[in-house]
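Dear colleague,

Please find the structure we discussed below. My notes on it follow.

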Amino acid sequence: MRRRKTSEDVSITGLVALLLTFVLGSLATLDHVNLAASAAVVTALLLRFKDVLHGWLRKLERQELHAALQLLLISVVLLPVLPDHGYGPWQVLNPYEIWWMVVLIASISFIGYFTMKIAGPEKGVILTALTAGMASSTALTLHFSRLSQKQEDMKNLLAAGILVACGTMFPRIVLIASLINPALFNFLIAPMTVMTLLTFLSAAVIWHKSIDRPPSELTHLINPLELKPALFFGALLVVVILLGKAAIHFFGDAGIYALAAVSGIADVDPINLTLSRMSIAELSLDVAVMGIVIASSSNTLLKAGLAMFVGGPGLGIRVLVPLLAAAIAGLATAWLM
């Protein structure tokens, strides 16, 4: 109250720092020295950048705060309490894994919102694409396709971002497969390199066109967290998982390629991990490699379809042609090898 009378600053930072000092000292006396030291360093950093953090908070809008709280709710609160084991037919429906995909899609829209708001449309799109490509290029394609409906003058830029994210997926596939079974590297490197080069070159061409016609200000970037598309994609994932398991159940080993094609629609990583492990002892390298390439091509074509269906013909054509060419070239290279 005394500070309130003399200044408009009613911060309790000093009081909280004193309480933290007492708590950290108590932890140190209870033989938790490492924890106390780590917490002390983090506290000192936060105090050092207090003014910067306050500046960020003053720029935070109401809808952005609500979005952040919603993201924390679905990730930190709901995700950990979901059971991490299978249910339903063949025990393939894992609530934790399905909800994790929902969280991932929502997080990408959240990160993309702030990246483009801070860095601007051009830098923000590419930074978001590179980041999301290492996690889920499918989720980014869905998000950018929705954004293209509201930002008509960003179609070239968003198409380039989608292609960058898609191109980033192929090296990730090789890396993951090679870590599990190094013998797969020599078989996967050729088709995945072809797909990567075609996608990145197309992205570069479209990006060059966007430079000639730079986008205007982001006038429709109004929703930091899009939960409805994330929930829809989670429901779609459930359907695809069931269809994929049915294919392998009814067709046995002959269903490997069908499973790869269907599973690739939802996500490449699960089928990539599965076939890479199986190639160590249960599956020939040729079958595993072809299955992985089929899954990546299936996922690539799905993203082309998402861009066409959600983003409309203007965005769809820009994305469809390069991704279709990459999928065909990758399959042809794997078949010839």
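The protein chain has 15 helices and 0 strands. Please keep in mind that this is a predicted model. The chain holds 337 residues, and 44% of them are buried. Its accessible surface amounts to about 18100 Å², with 70% of that area belonging to carbon and sulfur atoms. As for contacts between residues at least 6 apart in sequence, 75% of them join residues at least 24 apart.

Helices α8 and α14

Helix α8 covers residues 137-150 and helix α14 covers residues 285-311; their axes come within 8 Å and cross at roughly 15°. Since angles under 35 degrees count as roughly parallel, α8 is therefore roughly parallel to α14. The crossing of these two helices, α8 and α14, is right-handed. On the α8 side, the residues in contact are Ser-137, Thr-138, Thr-141, Leu-142, Ser-145, Arg-146, Ser-148 and Gln-149. They meet Asn-299, Leu-302, Lys-303, Leu-306, Ala-307, Val-310 and Gly-311 of α14. By type, the residues of this contact between α8 and α14 are 5 nonpolar, 8 polar and 2 charged.

Helices α9 and α13

The second pair is α9 (residues 155-180) and α13 (residues 268-281), which pack with their axes 9 Å apart and at an angle of about 30°. That angle makes α9 roughly parallel to α13. The crossing of α9 and α13 is right-handed. From α9, the contact takes in Met-169, Arg-172, Ile-173, Ile-176, Ala-177 and Ile-180. Their partners in α13 are Val-268, Asp-269, Asn-272, Leu-273, Ser-276, Arg-277 and Ile-280. Here the residues of the contact of α9 with α13 split into 8 nonpolar, 2 polar and 3 charged.

Trp-90

Trp-90 lies in the loop between α5 (62-78) and α6 (95-119). Its relative accessible area is 34%, so Trp-90 is partly exposed; the partly exposed class lies between the cut-offs of 20% for buried and 50% for exposed. Trp-90 and His-249 are separated by 159 residues in sequence, while their C-alpha atoms are 8.9 Å apart in space.

Regards

Conventions: Residues numbered from 1 in each chain as written. Predicted model: local features only at pLDDT ≥ 70, side-chain atom pairs only at ≥ 80, totals over all residues. Heavy atoms only, no water. Axes fitted to C-alpha atoms, helices over the stretch in contact; angles between N-to-C directions. Helix = DSSP H or I, 4+ residues; strand = E, 2+ residues; numbered from the N terminus. Parallel < 35°, antiparallel > 145°, perpendicular 65-115°, else oblique. Left-handed = near helix turned anticlockwise from the far one by under 90°. Contact = heavy atoms within 4.5 Å. Nonpolar A, V, L, I, M, F, W, Y, C, P; charged D, E, K, R; others polar. Buried < 20%, exposed > 50% of the residue type's maximum accessible area, 1.4 Å probe, protein only. Areas by Shrake-Rupley, 256 points an atom, 1.4 Å probe, with all protein chains shown as cover.
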